[in-house]
Amino acid sequence: MSVLKRPPGDSFTFRLFFQVTSKIKFPCDKIYLWSAPLGPNYKHPKEESEGEFETELDYRIHLYNLKSDVVVLGIKDHLTPDDFNYWNDTNPGTVDYLEALFNFYSNKKFILLTSVENSEAYFTHPNVSIIPWGGDITNHQKEYKTVEPVLEKNLDSSRTFLSLNRNKRTHRAMTLALLHALGWQKHGLISCIFKDMPTDVIEYTKWKVSDSALYSDGWNKLLTSTDLLTDSHNIYEKLDNDNATNFKNKLSEYYKNTFVEIISETSYTEKCYNLTEKTLNSIYGCSFPILLCSKGSVDFLRSMGLDMFDDIVDHSYDAIDDPAERLEAAIIDNAELLTNNKRTKDLWVQNKTRFENNVDFCRERLYNYYSDRAKAMFDGVISNEL
């Protein structure tokens, strides 16, 4: 087995990779890797001296020489770089690279274990079997079982929603611009760690919207805002990606004072998506969810068994292809929930038990869902197709 690189805190998928691949009784190449080294701009040090390899995976594939007819790839994390554009790009950069890999080795059978859902929208190769196995939402399984959910809210809080925005992604910038353009920032607790990076939000995102002036105006208001939460890149005190501790030490206070969360997930404009600790934190934060993720992500969580509060949150946005239209629908169609503080608090009190049920689901069944599904799909692949 070749371990290219492991992201911090991925014990769930790393353990699952061993469990499923141990069932294979025939020769195969097993490669476990983090998608971070697969970005189109990543260069392996060997390239500088010999000019042979474009990426770390390319280097390892050539080094390893794929001796077997079957190759098992376990790829952790998302597949989309920050600069993927729905209107101009056909595929995310990492998808392009993997497609080239599958095409080059068309005589081999690939089993792709991936953190993203709906990756079959991009990978249609007859020599590739896709098995989703959970993303960052499954990290720190043991640690999250000790996290206390925020079931006691500050009912005197004047803020209704929470919007946390860390790494610079286009949908987060456009969400913040829209909220400020609408004047709704006074209703929420909002963070933006990258506000000084793009000065022109449309030039940065390259989104095609019906009213670019609206977003530009909103972004300009954000740039002069003095009402943003204090945030830092250094949120992990002991371990990298220790999201459970970050929830306990910092985020829980934000959730205590808000009742709805605009969850800005990592994936949004692409067809495939990676659900992360952002969604899990919102569940433990006991907030009504407005999920800014790729199309169909709300339906996926619903089908898994989570209560998405469909009678309270208008999730019709989840079926919209165009990312700009989906964003506006998610925010504007839920205007009352985001801005009517008293009504939203009353709804939260009335539905407190439902939040408790979602937390109970996450303590055990969420992890079993991902592992059971992956194991069953893997068994099907090795018994029926190989």
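**Notes on cavities, rings and cysteines**

1. The second largest cavity holds about 80 Å³ of space, where a cavity is a set of points, on a 1 Å grid over the protein atoms alone, at which a 1.4 Å probe fits but cannot get out, and where a volume is the space filled by probe spheres set on the points, which are joined across faces, edges and corners. Its lining, meaning residues with an atom within 4 Å of a point, includes Thr80, Asp82, Arg169, His171 and Tyr268. By class, the lining residues are 3 nonpolar, 6 polar and 3 charged, with Ala, Val, Leu, Ile, Met, Phe, Trp, Tyr, Cys and Pro taken as nonpolar, Asp, Glu, Lys and Arg as charged, and the others, Gly among them, as polar.

2. On provenance, this is a predicted model, in which local features need pLDDT of at least 70 and side-chain atom pairs count only at pLDDT 80 or more, while totals for chains, interfaces and linings use all residues. Residues are numbered from 1 along each chain as its sequence is written, and side-chain values use heavy atoms, with hydrogens and water left out.

3. The structure has 2 cavities of 30 Å³ or more, and about 130 Å³ of space lies in the largest cavity. Of the 15 residues that line the largest cavity, Ile283, Pro289, Asp307, Met308 and Asn358 lie nearest its centre. Two or more lining residues come from each of α10 (277-284), β9 (288-292) and α15 (352-363), these elements being DSSP runs numbered from the N terminus (helices H or I of at least four residues, strands E of at least two). The most, 3 residues, come from α10, and the lining as a whole divides into 10 nonpolar, 4 polar and 1 charged.

4. The second largest pocket, a pocket being an open set with protein on both sides within 12 Å along at least five of seven lines, has a volume of about 150 Å³. Among its lining residues are Tyr86, Asn118, Lys295, Asp321 and Arg326, and the lining divides into 3 nonpolar, 2 polar and 5 charged.

5. There are 25 aromatic pairs, counted where ring centres of Phe, Tyr and Trp (its six-membered ring) lie within 6.5 Å, with planes under 30 degrees apart called stacked, over 60 edge-to-face and the rest tilted. Phe247 and Tyr284 form an edge-to-face pair, 6.4 Å centre to centre with 70° between the planes. Phe247 belongs to helix α9 (residues 243-256) and Tyr284 to helix α10, so the pair ties together parts that are 37 residues apart in sequence. Phe247 counts as buried at 0% relative accessibility, with buried meaning under 20% relative accessible area, exposed over 50% and partly exposed in between (1.4 Å probe, protein chains only), and Tyr284 is likewise buried at 0%.

6. Ring pairs also join Phe14, Phe17, Phe18, Tyr32 and Trp133 into a cluster. Arg6 lies over the face of Phe14, 3.6 Å from the ring centre, under the rule that NZ of Lys or CZ of Arg is within 6 Å of the ring centre and within 35 degrees of the ring normal.

7. How many disulfides are counted? The count is 0, a disulfide being a pair of cysteine sulfur atoms within 2.5 Å. For Cys272, the nearest cysteine sulfur is that of Cys293, 9.8 Å away, and Cys272 is buried at 1% relative accessibility.
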